[in-house]
Amino acid sequence: MNKNWIRSQTDEAIQYLQSNDIEWENRTNTSNRKNSLFSGKLSADFKKNKNTTFNYNLQVAGTNNTTLRKISSQNNTTTNLLSTQHEVDNFGISQLFESHKTFNKKHKASFAVAHSYNKETPDYNWFSNEAFLETYIPWQTEDLFKLNGIQNTQQHKIQINAKHYWIAAKKHHFYTTLGYNGSYTNLHTNNYFNQNSSMESLEDAGFGNDLRYRLHDPFVGLEHKFLYKKFTSTIGLFLHSYQLHNT
């Protein structure tokens, strides 16, 4: 586990030599970041007998990153305040299962399943005492202008592989493979702004995403590995059937 904090502050005194309205500006920029991380790993091996083995590996990791930034700008005409708050949560898990089997001196087989899952949830907030992005956001008169964006991304990946090894001769090996690759992603984004002391969605204004992505890839393959004098080569043919669904 790990956690750290980073705080910073920058102060600027600016004098404008060629400006009709603004003569001077005092600007302060502060930042406060907090980062947290945890990770872990688990491995297990089981040997049923001299011809059969099983292996399992698990890895888990998660992060939480929070950032708060404030900008204060004061000049001889106005005072502007802008603050942003970002919080990003990430979580990931990956696991691998393998099994190996020896039938005899000429025939062996292996089976493997790999799976990974990742989730990312960034949350962004912007605050200001003056309206911003007025071309896109239908602000009304408010004392505080707030914009919020939330994104949720979840992704699964899976790989399945079954392989047969045939040692036909000392210099000729044949490998047959059956497998499947799959990728599944969900992405959802919402944006809100404060309106009449409540948060209103910007979906009607054309903001936001809702994506569902699916890719299926079953395949079969045959490989030939041969030795000619000191030269080793492998040739093979794989057939894939890709099925993509993207909404």
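1. Let's start with Q59: at 41% relative accessibility, this residue counts as partly exposed (buried is under 20% relative accessible area, exposed over 50%, partly exposed in between, with a 1.4 Å probe and protein chains only). Q59 sits in strand β3, residues 52-75 (strands are DSSP runs of E, at least two residues, numbered from the N terminus).

2. A word on what you're looking at: this is a predicted model, where local features need pLDDT of at least 70 and side-chain atom pairs count only at pLDDT 80 or more, while totals for chains, interfaces and linings use all residues. Residues are numbered from 1 along each chain as its sequence is written, and side-chain values use heavy atoms, leaving out hydrogens and water.

3. On confidence, the mean pLDDT of the protein is 92, and 99% of its residues reach 70 or more (pLDDT is the predictor's confidence in each residue, from 0 to 100).

4. Leaving aside residues up to four places away in sequence, Q59 touches G40, K41, G92, I93 and S94 (contact means heavy atoms within 4.5 Å). G40 is 19 residues from Q59 in sequence, yet their C-alpha atoms are 5.8 Å apart.

5. Now the inside. F132, I137, W139, F145, L147, F193 and L202 make up the largest nonpolar core (a set of buried Ala, Val, Leu, Ile, Met, Phe, Trp, Tyr and Cys residues joined through side-chain atoms within 4.5 Å). F132 touches W126, I137, W139, F145 and L147, again not counting residues up to four places away in sequence.

6. Last, L237: this residue lies in strand β10, residues 231-240, and counts as exposed because its relative accessibility is 59%.

Definitions and conventions: Helices (H or I, at least four residues) and strands (E, at least two) are DSSP runs, numbered from the N terminus.
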